[in-house]
Amino acid sequence: MMNYVKSELYRVTHSRGIYGFTAVLALLAFLLNALLGLMGIVDGDSFRYDTTSFSYSNLVSNPMLFGVMGVVIVMILYEGNRRNGNLKNTIAFGISRTGVFAGECLVAVLASMASCAVVLTVYIASAVLLLEQRGPVGLGDLVMAVPAVFLTAVAVEISMIVFLEAFDRASIGVLTGFLIWIVAPKVLSLLGLRFEVVRRIAMWMPENFMGPSGMMVNMSECQTAWGTAEGMVKCLLVGIIGVAVFSLAGAIVLRKKEL
């Protein structure tokens, strides 16, 4: 499997997709902070959003954006696998289906970590240089969001690899992921307004307890899901469960799926 991982890393590092995606995100991060800083200069005291707190809050209040970016990276790397026959050719060389799946997951995670490191560096550096450093959301809140959401983002990536391999059309795979990670938690959250047991289940879903239902992140306060030791443990535990569930699902799907 390690030879497969090495070959995939070579392919990824010698293709334009991941570099272009990272460059676009880094540019957007810089432009966002530059625009906030410029508006602060032009409008003066009447503009309240030229602060690092407001800039950081865009990510802190929406940590599942890390998972969304992971989905895009998986699409860049593996969307054409089945259509191009890459999976069939790889298995023909003697690598097990489970080994291929594990290798794809590892490469996707490594690529995402590298891309995230670059984008966050640009995001934080431009915020510090261009914006006023004040407000309830601090750099520590943003930094701690990374380990809190990391395993959940990995689970999202693994699930997307599973869905791409399980369905012949990538659009169906993306739709399935959207339904599982976004729509289902929202539906259960609404049902939880009437049924307490459903509400408790819903609040263990990342989209809910890492979103507006479980956090208060705004211009006046910052209460994150990972702000306490118990909250961080919950974030990590949910991520571990997600990784385990979708890893097992991937191994099962690839064994049964016709190439």
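Hi everyone, let's start where two helices touch: Phe66, Gly67, Gly70, Val71, Ile73, Val74, Met75 and Tyr78 of α4 meet Val146, Val149, Ala153, Val156, Glu157, Met160, Ile161 and Leu164 of α8, with contact meaning heavy atoms within 4.5 Å. The residues of this contact divide into 13 nonpolar, 2 polar and 1 charged; Ala, Val, Leu, Ile, Met, Phe, Trp, Tyr, Cys and Pro count as nonpolar, Asp, Glu, Lys and Arg as charged, and the others, Gly among them, as polar.

Before I go on, this is a predicted model, where local features need pLDDT of at least 70, side-chain atom pairs count only at pLDDT 80 or more, and totals for chains, interfaces and linings use all residues. Residues are numbered from 1 along each chain as its sequence is written, and side-chain values use heavy atoms, leaving out hydrogens and water.

Helices here are DSSP runs (H or I, at least four residues), numbered from the N terminus. How do the axes of α4, residues 65-78, and α8 cross? At roughly 35 degrees, coming within 8 Å; these axes are lines fitted to C-alpha atoms over the stretch in contact, with angles from 0 to 180 degrees between N-to-C directions.

Now for two single residues. Val68 sits in α4 and is partly exposed, because its relative accessible area is 41%, and partly exposed lies between buried, under 20%, and exposed, over 50% (1.4 Å probe, protein chains only). Ser115, in helix α7, residues 97-130, is buried, because its relative accessibility is 5%. Beyond neighbours within four places in sequence, Ser115 is in contact with Phe21, Thr22 and Ile73, and Ile73 is one of the α4 residues that meet α8.
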